[in-house]
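Look at the sequence and the fold together. Start with the overall contacts, then move to the packing and the rings.

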Amino acid sequence: MEHSLLHIEEDLHRIFEWCCNNSLLVNPEKTKMLVVGTRQLMNQLESPIYINFMGENLAPVTEVKDLGVHKYDHISPTLNALGWLSIKEHLLYRDALLTFKCMNDKAPQYLCDNFEPRNRIHNRDTRRNGDLDIPKYRTSIGQRSFKYRGTKIWNGLDTELKSISDLNNFKTKLKTILIEKRCSSF
């Protein structure tokens, strides 16, 4: 335990040096230490635990406040300027690409078999005839599966995007749509 605490103190010192080199202030009196772990691991901890940071002994606290500051509010304009996707958008983008590959037989068969177009299930001509049949999962675990996510994403795409057969064109158009959607929400 002593060895781990020494490493944490060394890391805190490196963070302090980085802050100083980048003209950032650190207030050791307002610095808090939050110890996180499972109940079993927390019960095994020797007490009391203290870490020295710039002459202050930090004791563990059970909760911290962030003063309502949201760390990532400032990043969207930068993402827009660079033409990058956010993490959430990138995950959606990757699922959409894999679903596209499945729908165009460019993915392994075991993945392609996950998707069933509605028009293969019944003969009725409806406006959503080209959509995929949505799997019926009662649990959130099932709804996190690729089969469910891919189906929901594919059904949410416009017909023009779904009709593209070239992977590179699909990638470009999908990324453009995701960035435009984010930009229009400002």
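Residues 24 or more positions apart make up 56% of the contacts in the protein with a separation of 6 or more. Contact here means heavy atoms within 4.5 Å. This is a predicted model, in which local features need pLDDT of at least 70 and side-chain atom pairs count only at pLDDT 80 or more, while totals for chains, interfaces and linings use all residues. Residues are numbered from 1 along each chain as its sequence is written, and side-chain values use heavy atoms, with hydrogens and water left out.

Next, the layout. The protein has 10 helices and four strands. Both are DSSP runs numbered from the N terminus: helices are H or I with at least four residues, strands are E with at least two. Along the sequence the pattern reads α-β-α-β-β-β-α-α-α-α-α-α-α-α.

Now the surface. The accessible surface of the protein is about 14,200 Å², and 53% of that belongs to carbon and sulfur atoms. Areas come from the Shrake-Rupley method with a 1.4 Å probe; for residues, only the protein chains shown count as cover. Of the 186 residues, 25% count as buried. Buried means under 20% relative accessible area, exposed means over 50%, and partly exposed lies in between (1.4 Å probe, protein chains only).

In soluble globular proteins, nonpolar side chains tend to be buried together. A nonpolar core is a set of buried Ala, Val, Leu, Ile, Met, Phe, Trp, Tyr and Cys residues joined through side-chain atoms within 4.5 Å. Here the largest one has 21 residues. Tyr93, Cys102, Trp154, Leu157, Leu161, Phe170 and Leu174 have the most contacts inside it. Helices α4 (87-103), α5, α8 and α10 (167-184) each supply at least two residues of this core. The most come from α4, which gives five. Phe170 touches Ala96, Leu97, Phe100, Trp154, Leu157, Leu161 and Ile164, not counting residues up to four places away in sequence. A second, separate core has seven residues, including Met33, Ile49, Phe53 and Leu58.

Stay with α4. How far apart are its end C-alpha atoms? They are 24 Å apart, which agrees with the 24 Å that its 17 residues should span at 1.5 Å a residue. The expected span is 1.5 Å times one less than the number of residues. The buried residues of α4 are Glu89, Tyr93, Asp95, Ala96, Leu97, Thr99, Phe100 and Cys102. An α-helix has 3.6 residues a turn, so residues three or four places apart point the same way.

Ile153 lies in helix α8. Ile153 counts as buried, at 15% relative accessibility. Leaving aside neighbours within four places in sequence, Ile153 is in contact with Leu92, Asp95 and Ala96.

Turn to the rings. Rings of Phe, Tyr and Trp (its six-membered ring) pair if their centres lie within 6.5 Å; planes under 30 degrees apart count as stacked, over 60 as edge-to-face and the rest as tilted. By this rule there are four aromatic pairs. The centres of Phe115 and Phe146 are 5.5 Å apart and the ring planes are at 85°, so this pair is edge-to-face. The pair links distant parts of the chain, 31 residues apart: Phe115 is in the loop between α5 (109-112) and α6 (118-121), Phe146 in helix α8 (residues 146-156). Phe115 is buried at 5% relative accessible area, and Phe146 is buried at 14%.

Tyr137 and Tyr148 are also edge-to-face, because their ring centres are 6.1 Å apart and their planes are at 65°. Tyr137 sits in the loop between α6 and α7 (140-143), Tyr148 in helix α8, 11 residues apart. Tyr137 is partly exposed, at 30% relative accessible area. Tyr148 counts as buried, at 15%. Elsewhere, ring pairs link Phe100, Trp154 and Phe170 into a cluster.

Last, the backbone. Which residues other than glycine have a positive phi? Met54 is one, with phi near 55°. Met54 lies in the loop between β2 (51-53) and β3 (56-58) and is partly exposed, at 37% relative accessible area. Asp105 is another, with phi near 50°. Asp105 lies in the loop between α4 and α5 and is exposed, at 62% relative accessible area.
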